[in-house]
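Here is a short briefing for a first look. Keep the sequence and the 3D view open while you read.

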Amino acid sequence: MLWALPLFPALAGLALWASGDGSRLRLGLLAGGAAAGTLLLAVLAAAQGWQGGFAWGAGLALHLALTPLSAAVAITVPAVALAVLIFAAAHEDARGLARLLGLMLIFCGAMLLTVTAADLLTLLIGWEIMGFCSWALIGHHWRDRANMASGRYAFVTTRLGDLGLFLALMATWSGAGALDYAALGRLDGVPLALAAFGILIAAGAKAGQGPFAPWLFRAMDGPSSVSALLHAATMVAAGAYLLARLHPWLADVPGWSGAVIELGLFTALASGAVAVMQGHAKKLLAGSTSAQLGLMFVAVGAGYPGVAVVHLVTHAAFKAPLFLSAGIAGDAAGTYRLREMGYMRALPWTAGLTALAALALAAVPPLGAAWSKEQIAAAAMHESLLLGLAVMVAGALSAAYAARFWFLAYGPGNAVPKARPHWPEIAALGALALACTALGLLWLGPVQAALPMRLPEGGSLEIGASLALLAVGLLAGLTLARRETATEPHAADWLGLPALIGRGIVRPFERLATLAARLDDSVLDAIPRGAALGARTVARGGRRAWGAMQADQGLINAAVWQVAAMTRALARLGAGPGETLSDGLPEGAARITGRTGADVRRLQTGLSHHYYAIFGIGAALAILFLIFGKA
Amino acid sequence: MLTFAILLPFAAATLLAFAPLSGGLSRAIAVATAALALLALVVVWAGFTPGAGFQAEMEIPWIPALGVAWRVGVDGISLPLALMSGLLFIAAIAWPMEREVNARQYYAWFLFLEGASLGLFLTLDLLLFYVFFDLSLVGMYFLIGRWGHGDAQRAALKFFLYTLAGSLLILLAIIALVLMTDPLTFDMRELIALQPVAGMDLRAGLILLGLVIGFAIKTPLFPVHTWLPPAHVDAPGPASAILAGVLLKMGTYGLVRIAMQMMRETFATYALAIAIVALISILWGSIVAFAQENLKRRIAYTSVNHMGYAVLGIAVAGSAVTGHEAARDLALTGAMVEMVAHGLITGALFLIAGAFWARTQDYELGHYGGLAGNAPRMMAAMGLASFASLGLPGLAGFVAEVQIFIGAFAIWPWLAALALLGLIVTAALFLGMLQRIFFGDRPPVLDGFADLSRTEIGILAALLALVVLIGVWPAWLLDMIGAGAALTFGGG
C-alpha cells in the first residue's frame, strides 16, 4: 500500500508530461492536484502505518516502511512541492511547462521512494532516479547547451557519491546476506566500516558537502522553481535525511560520527563564507543550502538525528520561498546579479514575504528555523564547547548572508522591475512564508514534548551567546550589502574548488581517455596486424615444414595465420584491381551470374575461398586428431 | 519445436535466395518467418519449468561413431538468450533498410543469420554449436561487407578473420575436450555430467585457454576487441544491432556453457584471471568510449564495457569459492540479465545509430546538435536507451549490474570496487553523447532532419518497453534464469 506514495506522483508526472503543453491553468491545476493528492496519501500513510514489499527476484526484495522521522519528511516533500508546482505553473516559460511540471512530480516520487525505503536496494533505486530527474530539470532549457552540461555535471558528481551507496549495498549483502536496514546492525569490522562510510559519501555528495559542493552552483542553471524543489524538499535534503534515518545502525562505527561532524562543520563554515561573498542571488542561496545541510550533518554526528530532521523541515519551509523569490527578482532584473536588484518599493508583497523567509534563514526567533538551529547548537555543545561555538559562528554566517540577500534583492532601491509576479506566485510564496511562521510553534513546550525524538538540553547562556552572534551576523550582512561592489572575490566561486576539480580531475581524465583511445587504435590493434605479419614471415620460411606443422598447436596457429596472410593478400588484390573491375562492369557481372549483384559476387568468391580453406584445414585437423589422438 | 525455430529461418533464407520475389514481398516473408520462429520459442517458454534442467529436448542420431547428433533443448541459460535473439531479429529485419539494394538477398542473409544464431543457443551438441558459431560469421560477413558503408569490406574481412581465428581455437579446444570422453560424445549434457578434464593439469588449462581466447575475441574482451569498432562503424544499423545484441552473446554463452559448465574445476582455478581481464575490459571499454567522437564507435566501445560486466559475473559464478553459493548464483543471474539487457539496449542504440546514418550519412558527434526540437521521438528513444545503458534503476541494465556487483563483491571485494568506476565513466559518456546530439544550437544543415518514422518508433518501443519491464519487474526473468544458475552447480 505504501507503494502508492511514491508511485502516484511519479505516474501522475508521466501522464502530465505526456499530455503536452497547454494552458497554465490546466497544467497548474493538474500538477497542484497531483501534489495535493500525494500530500493526502502521505498523511494517510503516516497515520495508518502503511507498509510495502515487492519480490525483486533472485532472492532480493524491496521493502517500504515509515518511521516517525521518515513520515515527517514524507509529508514535507509533497507539501513543499504543492506550493512550488503552483508557483512554477505561473512563473516558468510556457514552452516545455508540461515536461517541467511532470518531471518535478517524478522527482517527488523518487524522493518519496528514497524516504519510504526500508532497504538499501530500494534506497539506491530512488536515490539514482533522483539523479536522473535533476539532470533533466537542470537542463530544462536545453537550447542552451551549457545548461545540459551543468545537468551532466550534477549527475556525474552525485553519481560519484552514489558509488558509496553501491559499496554499502555490496558490503552489507556480503556481510549479512540481506539488504534491509536492520542488516546493517548485523555487520561488523570492515564491511560495516565500508557500509557506513559509503553511505556518508553518498549522502555528502547529494547534500553538496565538502568537495562535492560545486555541483550545487552548477545546478543553479535550472529554473528557479527547480532549485526550490531540489534544495528544499528533494535530492539535496535527501543527504541529511539518509544519515538521520540510518543513524541508529551507524553511530557506533568507529570514527563515523566524528567524520560526519567534521564534514558538516567544515561545509557549514566554508559554504557559509562562500554565500557571504556571492553576488549571484541563486548561488548565494545554493551556498546557504550547503551550509545548512552541514549543520544537519553536525546534528546527526552529535547523536541527534531527530534534530537534523526538524531542521530539514524548517529549512524546507524557508529555502523554497527564498528560491521562488529569487526567481521573481531574477525575472524582474533580467539577471541574478544581486546588485542590480532592490525591489522593496516596486514589489512590496514579495519583499515582505521574502523577509519572513530570510529571517528564518538567519534563525531569528520566534521562527521555527531558529529553534531547530538552537537545538543543533545545543547538540553540538554537548559534544564539545568548541564545536558548539563553531556552530554558532556558522549561525552568524547564515544571519550575515540572509541579511545580505534580502537587503540587496528587496532592500530600498529604485530599480524598475521588467516583470512582475502573478497572484499565484505571490500566493505560493505566501503559503510557504506562513508555514515558516507556523513552525514557530516549535518554541512551545507542549509541541516540543509531542515530538517523537530525543532533544538536547540547552542552557539559557548558550542561547544568549548564540543570539549575540546572530545579531553580529545580521549587522555584518547589512553592512556588506551596503558596501556591495561590482567585483566579487574569486573565492566566491566555492573557494576555487570547481577550477581545482576541472584541472585536477576532469581534464586529466579527458586526456587519459584520448590517450587510451589512441593506444587502442595503434598498439592493441597491432596484435592482429602483427600476427598477420608474423604469419607471413613464417609462411615464407615454413613451406617445407607444412607436413610436420599440424601436430603442434603453436604451429597450427602459425598455419592459421599463414592462411590469414594469404587471404589478406587475396583480399587486397580484390580490393585493388578487383574493385575497379567490378565497378566498371557491375551489370555485366550481375547478368553473368544471373543472381546477385557484382560486389556480392566478388565478396563471395573471396569469402568462400578463405572460408572453405580454413574450414577445410580445421576439418582435416579434426580428423587427424581423431586418428592420432585416440591412438 | 526448437528444431522448427532453427530450421524455419534457414528454409525461408533458401527460398529468398533462389525465388525471384520482389523486395516488399521478401521483407514480408522475412518478418513473418522471424515472428514464427519467436512464436515457436514462446510456445517452448510457455511449457518451460524453471529449475528442471534441459527441456523441450529432441535428438536425432547423425554420426553415431563420433557421438554427434542433432540435439536441441533449452535451460534457464539458453532460453532467455534465444528469446531475446528472436525478438531482436524481428526488430532488425523489420527495421527499414539503409540502402535499398538487393533487398531479397539482404533478407535472405538475415534469416540465414537468425537460423545460425538460434541454432547456436538451442543446440545441445558441441559440434553443431561450432558449426553454428562459424555459420553466424558467414552471415554477418555478408551483411557488413555487402550492405555496409565506408570501408565495409575491409571491416568485414577483419571481423571475419579475427573471429575465425578465435573460432579455430575453440574448435581445437572442443575436439580436445571431446577426445577425453570414451565413448566419444558431443552431447553437452553428458559432457557437463562427465566433467571430462577434471583432475587433469596442464592440458586442461590449455583447453581452457583456447576456449577463453576464442570466446574472448567474440565477446569481445580487452585486448582482442579491436575488430569490433570498425565492424560496427561500417555495418548497416540492423546488422550492427544483431552483431552487438546477438553475436557478442555467443562468446559469453560459450564461456558459460562450455568453459564454465563442462570444465568446472579448471575454470575455477583460472576464474580470478578471467575476472581481471573482465575488469580491464570494463574500465578500458568505458574510458576509450569516452574519447570517441564517432557515434557508432562510442556505442561499440560501451559493448566492451558491458560485456566485461557479464564476463565478470560469469567468472564470479565459476569461481567455486565454497560458502558463497548465493553470491555466485546472484552473479550468474546478473550476467545473464546483462546479456539480455545489453542485447535489447545496445540493439536499440545501434538501430537508432542506423537511423542517423540513413538521414545524414554522418556519425560525427560534433556535427550534430539541437535535435531535441525536431526529433523528440528520437530523443526519447535514445535517451531511454542511454540511461538504461548507463545503469539507471528502473531499467534493465541496473538489474544486471547491481547483481553482478553484489555477487562479485562477496568473492573479490577490491575487484568489484574497482569495477564500480565504470559506472561513472559510462554515465559521463552517455550524457555527453545526448548533450551533443540533441541539445544546444542546431546546425542549419539539420533543419530538415526527420524524426523517427512510425515503423522505427514502433520497433524501438517494443524493445525499450521490455527494457523498462525488466527494470521495474525483473522477477519473471530472474526466475527463468535462476533455474539455469542452480543447474550450473549440479542438480538444480
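A residue is buried if 20 or more other C-beta atoms lie within 10 Å of its own, exposed if 12 or fewer, and partly exposed in between, with C-beta atoms placed from the backbone. This is a predicted model, in which local features need pLDDT of at least 70, side-chain atom pairs count only at pLDDT 80 or more, and totals for chains, interfaces and linings use all residues. Residues are numbered from 1 along each chain as its sequence is written, while chains are lettered from A and ligands numbered from 1 in the order in which they are written.

**Chain A overall**

- Chain A has 26 helices and two strands. Helices (H or I, at least four residues) and strands (E, at least two) are DSSP runs, numbered from the N terminus.
- Of its 631 residues, 57% count as buried.
- Among contacts in chain A with a separation of 6 or more, 81% join residues 24 or more positions apart. Two residues are in contact if their C-beta atoms, placed from the backbone, lie within 7 Å.

**Where the chains meet**

- In chain B, 60 residues are in contact with 60 residues of chain A.
- Helices that each supply at least two residues to chain B's side include H5 (126–147), H12 (271–290) and H20 (475–488) of chain B.
- H6(B) gives the largest share of that side, eleven residues.
- The side of chain B that touches chain A divides into 43 nonpolar, 14 polar and three charged residues. Here Ala, Val, Leu, Ile, Met, Phe, Trp, Tyr, Cys and Pro count as nonpolar, Asp, Glu, Lys and Arg as charged, and the others, Gly among them, as polar.

**Helix pairs in chain A**

- The axes of H14 (residues 305–333) and H15 (residues 348–362) of chain A come within 9 Å and cross at roughly 140°.
- Axes are lines fitted to C-alpha atoms, for helices over the stretch in contact, and angles run from 0 to 180 degrees between N-to-C directions. Angles under 35 degrees count as roughly parallel, over 145 as roughly antiparallel, 65 to 115 as roughly perpendicular and the rest as oblique.
- On the H14(A) side, the contact with H15(A) includes A:Thr314, A:Phe318 and A:Pro321. On the H15(A) side, A:Leu353 and A:Ala357 are among the residues involved.
- The residues of the contact of H14(A) with H15(A) are nine nonpolar, four polar and no charged.
- The axes of H11(A) and H13 (residues 281–301) of chain A come within 10 Å and cross at roughly 0°. H11(A) is therefore roughly parallel to H13(A).
- Residues in the contact of H11(A) with H13(A) include A:Val236, A:Leu243 and A:His247 from H11(A), and A:Leu293 and A:Phe297 from H13(A).
- That contact of H11(A) with H13(A) holds eight nonpolar, three polar and no charged residues.

**Two covered helices**

- H4 (residues 97–116) of chain A has 20 residues, and its end C-alpha atoms are 28 Å apart, in agreement with the 28 Å it should span at 1.5 Å a residue. The expected span is 1.5 Å times one less than the number of residues.
- In H4(A), 20 of 20 residues are buried, so the helix is mostly covered.
- H16(B) has 16 residues and reaches 24 Å from its first C-alpha to its last, close to the expected 22 Å.
- H16(B) is largely enclosed by the rest of the structure, because 16 of its 16 residues are buried.

**Backbone points to check**

- The peptide bond from A:Pro365 to A:Pro366 is cis, with omega near 5°. A:Pro366 lies in the loop between H15 and H16 (368–383) of chain A.
- The bond from B:Asp182 to B:Pro183 is also a cis peptide bond, with omega near 0°. B:Pro183 lies between H6 (152–179) and H7 (188–194) of chain B, in the loop.
- A:Met235 is not a glycine, but its phi is positive, near 40°. A:Met235 is buried, with 27 other C-beta atoms within 10 Å.
- B:Gln361 also has a positive phi, about 55°, without being a glycine. B:Gln361 counts as exposed, with 10 C-beta neighbours inside 10 Å.

**A tryptophan in chain B**

- B:Trp70 lies in strand S2 (residues 68–74) of chain B. B:Trp70 counts as partly exposed, with 17 C-beta neighbours inside 10 Å.
- Beyond its neighbours within four places in sequence, B:Trp70 is in contact with residues including B:Glu59, B:Trp62 and B:Leu128.
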